[in-house]
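Welcome! Let's walk through this structure together, one piece at a time.

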Amino acid sequence: MDNNFDVIVIGGGPMGLACAYETGKRKASVLVLERFQFLNQKGSSAGTSRQYRIPYPDAYMVKMALDAQPYWDALQLHTKTPLMDKVGTLWFGDPTVVSTEGNIGAAEKALQQLNVKYDSLTVENIEEEFHFRNLPKNYTGLFQADGASINLKATLELLFELNSKNPCVHLKENAPVIKIERKDGIFYVSTPEGVFTAPKLVITPGPYINEVLKLQEFHVAVTYWEMSSAYFRKTDPNIQYPTWFVFQNAIEANGNQFYGFPGVDWDFPGYIRVAPDFVTEPLTNPENASRKPDPQALGYTAQWVKDHMTGLGIVPEHTSTCLIALSNIRNKELLLDFAPGYIPGHQDIAIYATGWAAKFIPFLGKLLADMALDGKTDYDIAPFQLGFKYFTALKR
Ligand code: BEZ
């Protein structure tokens with residue numbers, strides 16, 4: 001392998017691997033630099049399942065979820081392992097609550113705007129059809145049938161395997177980036193494994209985003225959540241849940257929003273995953289992650305399961321964590337943009353950062369590859385762009 005490439009991707013998680021896959025398909029040479037090992041459990045893709053859902057309070061997010069579907073279908077053609085278990089998305093709860101995921105009524109409007117079919121539900125429907133119980137009488141909900149549990153582990157392994165087989169794609173692990181310089185239109189990216197060059201950079205290091213951006217003297221405003229998950233044994237072997245999210249007002253440290261998954265054979269078979277969509281203490285530095293679940297948040301989750309779910313044990317028997325950077329500016333959503341104008345070569349640096357974006361993996365890979373190779377994308381990324389004012393120059 002010589003050290004010169006068409007594109008260098010910094011960050012070998014799902015977005016970096018998906019971008020390399022799309023770049024390699026276009027026969028451009030691409031190097032992916034991963035600071036740890038590929039398929040590690042240290043970032044936003046730790047754990048094995050994620051939710052694919054179409055309901056969002058904003059039409060542009062609904063559209064992006066729909067636009068991602070054909071890219072999932074195309075990826076699925078490469079493996080017999082199902083990448084998704086399509087059990088539907090159930091959103092329910094207090095209709096007045098506006099949470100990090102939005103609001104049920106706003107999501108209904110956005111779904112209608114894009115002609116997406118869904119069913120509106122009463123509290124009785126939710127209890128009778130979906131096994132929840134003792135819900136407050138004012139709760140409402142919606143069910144959208146295309147929602148799924150994503151087999152994230154299989155997705156990552158597939159992207160890794162496809163990249164490994166493509167001679168255009170080079171994968172280098174244990175290669176944290178320590179310096180980025182630019183001379184005569186070429187980036188020189190230094191790692192303990194050597195210096196690599198390319199005219200284009202794609203930056204996708206998940207929670208380590210600011211570790212990389214600071215090498216170019218700017219950063220994004222983020223908070224870090226080390227999210228916890230719990231697995232509850234099925235006491236009724238036939239019980240099944242869709243992917244779901246409950247909207248409720250926070251009660252002090254109890255953020256009181258929970259989400260859950262169906263039982264699947266790839267993630268603790270015989271168990272159902274339920275998780276708090278809050279942390280009791282955000283982190284200010286990803287290096288402070290403990291990789292241990294938060295006992296307080298898990299306690300609230302177990303209480304909710306006991307009070308409102310059926311067919312499950314009430315003790316979390318397995319747990320997992322994942323570390324995610326969330327945008328302070330864009331209501332925790334994803335950011336997709338070129339570097340800001342004051343960075344030398346800004347138009348040659350594509351960045352994906354922050355947010356819950358597993359459902360978009362193959363599509364974001366395609367957008368990032370286009371941004372790197374064509375210097376643009378025809379997709380309307382305006383809702384995800386930060387613009388100069390949101391980036392903070394560190395020295396200047
Ligand atoms: C999501 O689908 O974006 C999501 C689901 C559960 C928790 C957080 C985010």
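This is a predicted model: local features need pLDDT of at least 70, side-chain atom pairs count only at pLDDT 80 or more; totals for chains, interfaces and linings use all residues.

Helix α5, residues 152-165, lies across β3 and β8, and its direction is at about 45° to β8.

Now look at the strands themselves. Strands of a sheet pair through backbone hydrogen bonds, in either a parallel or an antiparallel way. Here, 3 strands form an open sheet in the order β3-β8-β4, and the pairing is antiparallel. β3 (49-52) and β4 (84-85) stand at the edges with a single partner strand each, so one side of each has no neighbour in the sheet. If you follow β4 to its partner, strand β8 (residues 148-151), you will find 2 bridges joining them in the antiparallel sense. Across this pair, Asp-85 stands opposite Ser-149 in β8.

Next, turn to another pair of helices. Helix α1 (residues 14-25) packs with helix α8 (residues 361-374) at an angle of about 60°, and their axes are 7 Å apart. An angle of about 60° is neither roughly parallel nor roughly perpendicular, as the latter covers 65 to 115 degrees, and α1 and α8 are therefore oblique to each other. Their crossing is right-handed. On the α1 side, the residues making the contact include Pro-14, Met-15 and Ala-18, while α8 brings, among others, Ile-361, Leu-364 and Leu-368. Sorted by class, the contact of α1 with α8 has 10 nonpolar, 2 polar and 2 charged residues.

Technical notes: Residues are numbered from 1 along each chain as its sequence is written. Side-chain values use heavy atoms; hydrogens and water are left out. Axes are lines fitted to C-alpha atoms, for helices over the stretch in contact, and angles run from 0 to 180 degrees between N-to-C directions. Helices (H or I, at least four residues) and strands (E, at least two) are DSSP runs, numbered from the N terminus. Angles under 35 degrees count as roughly parallel, over 145 as roughly antiparallel, 65 to 115 as roughly perpendicular and the rest as oblique. A crossing is left-handed if the near helix is turned anticlockwise from the far one by less than a right angle, and right-handed if clockwise. Contact means heavy atoms within 4.5 Å. Ala, Val, Leu, Ile, Met, Phe, Trp, Tyr, Cys and Pro count as nonpolar, Asp, Glu, Lys and Arg as charged, and the others, Gly among them, as polar. Two strands pair if DSSP finds at least two bridges between them.
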